Amino acid sequence: MGEDGAVTSASQRPDGPTPAPRLIATDLDGTLLRDDKSVSLRTVAALAAAEEAGIEVFFVTGRPARWMDVVSDHVHGHGLAICANGAAVVDLHAGREFVQVRALPRATALTVVNTLRKAAPGTSFAVEMTTGINYEPAYPPFFQDPGATVATAEKLLHEEHDDHAAPVLKLLAHHSEMTPDDFLALARSAAGAYASITRSSPTALLEISGLGVSKASTLELCCAERGISPAEVVAFGDMPNDVEMLRWAGTSYAMGNAHPDVIAAASGRTVANNEDGVAVVIERILAERG
């Protein structure tokens with residue numbers, strides 16, 4: 001979700017010529033999706049037109065695989081999506097099957113938990129695994145999961161030496177008093193040497209992945225498999241967890257509702273998610289190609 005005032009004028013193109021794109025990488029919440037979590041008919045048509053024109057579309061999101069039903073009908077061709085901020089690649093055509101997992105080691109997760117408990121007393125944690133989410137008693141009930149285990153993070157992560165333990169995709173850390181950006185800065189200062197730390201929520205909720213795991217690094221791997229260079233990628237995003245991806249892509253757009261750090265990272269800017277900012281740019285790309 002964005003945190004800045006919406007831009008209602010036409011989108012702002014990056015400076016200079018850009019090569020014909022071969023891949024579009026787009027975040028979901030606050031970017032492709034409207035605030036009511038729907039995909040507009042205009043956006044559905046734009047995504048289909050891009051694929052028809054030979055431009056691959058990758059959904060690149062902080063969402064877990066189990067929350068991908070909202071776009072599963074709109075992914076074409078390869079059927080792949082990058083989830084959990086790059087920790088997983090899933091096949092939406094095969095029932096959200098995991099194709100690749102870049103796990104957060106449990107020992108590392110425990111180190112981060114211990115570090116943040118000392119640096120920011122009052123922090124509560126949840127653990128996102130390939131099998132679902134589990135959380136501490138004090139963790140806010142953002143989305144109740146009846147199958148979740150409720151226990152301390154230390155207990156949730158205790159299976160480090162169990163070969164059958166589910167891989168950890170990301171650790172979630174919440175603070176009820178700090179501002180989101182202050183909490184992010186503190187966590188990166190205290191624990192950034194152990195893991196990748198970012199955020200996408202308007203609350204002080206951090207998303208912690210394995211060191212070097214991000215939307216950008218997993219997208220880079222997917223593009224390398226296809227022989228696609230950064231210069232041939234157009235990316236869209238609105239929150240700090242999109243920053244690395246927007247910097248990596250040859251052409252990138254911050255949404256009109258984007259966080260200031262995202263605006264600074266992107267090479268261009270489009271209108272807000274509620275105004276179909278991704279579709280606006282895709283339509284222009286296809287018109288220029290045609």
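Is Tyr139 buried or exposed? Tyr139 is buried, with a relative accessible area of 7%. This is a predicted model. A search of the whole structure finds two aromatic pairs and 15 salt bridges. The largest pocket holds about 740 Å³ of space. The points below go topic by topic.

**Aromatic pairs**

- Two numbers describe a pair of aromatic rings: the distance of the centres and the angle of the planes.
- A search of the whole structure turns up two such pairs.
- Tyr135 and Tyr139 make up one of them, with ring centres 6.1 Å apart and planes at 25°. Planes under 30 degrees apart count as stacked, so the Tyr135 and Tyr139 pair is stacked.
- Tyr135 has 10% relative accessibility and counts as buried. Tyr139, at 7%, is buried too. Buried here means under 20% relative accessible area.
- Phe236 and Tyr253 also pair, with ring centres 5.5 Å apart. Their planes sit at 15°, so this pair is stacked.
- Phe236 belongs to strand β11 (residues 233-237) and Tyr253 to strand β12 (residues 251-254). The two residues are 17 residues apart, and the pair links distant parts of the chain.
- Phe236 is buried, with a relative accessible area of 0%. Tyr253 is buried at 4%.

- Trp67, Phe142 and Phe143 make a nonpolar surface patch of about 300 Å².
- Phe142 sits in the loop between β7 (132-135) and α5 (153-156). Its relative accessibility is 34%, so Phe142 counts as partly exposed.
- The largest pocket contains about 740 Å³ of space. Its lining has 31 residues.
- Which residues lie nearest the centre of the largest pocket? They are Trp67, Phe143, Ser200, Ser201 and Leu205.

- Thr152 is found in the loop between β7 and α5.
- Thr152 is partly exposed, with a relative accessible area of 35%.
- The C-alpha atoms of Thr152 and Ser189 are separated by 24 Å. Along the chain, Thr152 and Ser189 are 37 residues apart.

**Salt bridges**

- The whole structure contains 15 salt bridges.
- Arg34 counts as partly exposed, at 29% relative accessibility. Asp276 counts as buried, at 7%.
- Strand β10 carries Glu207 and strand β8 carries Lys170. This pair also links distant parts of the chain, 37 residues apart. Both Glu207 and Lys170 are buried.
- Lys215 is in helix α7 (residues 215-226). Asp242 is in the loop between β11 and α8 (243-248). The two are 27 residues apart, and the pair links distant parts of the chain.
- Lys215 is buried, and so is Asp242.
- A network of salt bridges links Asp27, Lys215 and Asp242.

**Backbone with positive phi**

- Most residues other than glycine have a negative phi.
- Lys37 is not a glycine, yet has a positive phi of about 70°. Lys37 is placed in the loop between α1 and α2. At 29% relative accessibility, Lys37 counts as partly exposed.
- Asn85 is not a glycine either, and has a positive phi of about 60°. Where is Asn85 found? Asn85 is in the loop between β3 (80-83) and β4 (88-91).
- Asn85 is buried, with a relative accessible area of 3%.

Key: Residues numbered from 1 in each chain as written. Predicted model: local features only at pLDDT ≥ 70, side-chain atom pairs only at ≥ 80, totals over all residues. Heavy atoms only, no water. Phe/Tyr/Trp six-rings, centres within 6.5 Å; stacked < 30°, edge-to-face > 60°. Buried < 20%, exposed > 50% of the residue type's maximum accessible area, 1.4 Å probe, protein only. Helix = DSSP H or I, 4+ residues; strand = E, 2+ residues; numbered from the N terminus. Patch = residues over 30% accessible without salt bridge, like charges linked within 9 Å, V, L, I, M, F, W, Y side chains within 5 Å. Areas by Shrake-Rupley, 256 points an atom, 1.4 Å probe, with all protein chains shown as cover. Salt bridge = Lys/Arg side-chain N within 4 Å of Asp/Glu carboxyl O. 1 Å grid on protein atoms, 1.4 Å probe; cavity = no way out; pocket = protein on both sides within 12 Å on 5 of 7 lines; lining within 4 Å. Points joined across faces, edges and corners; volume = space filled by probe spheres on them.
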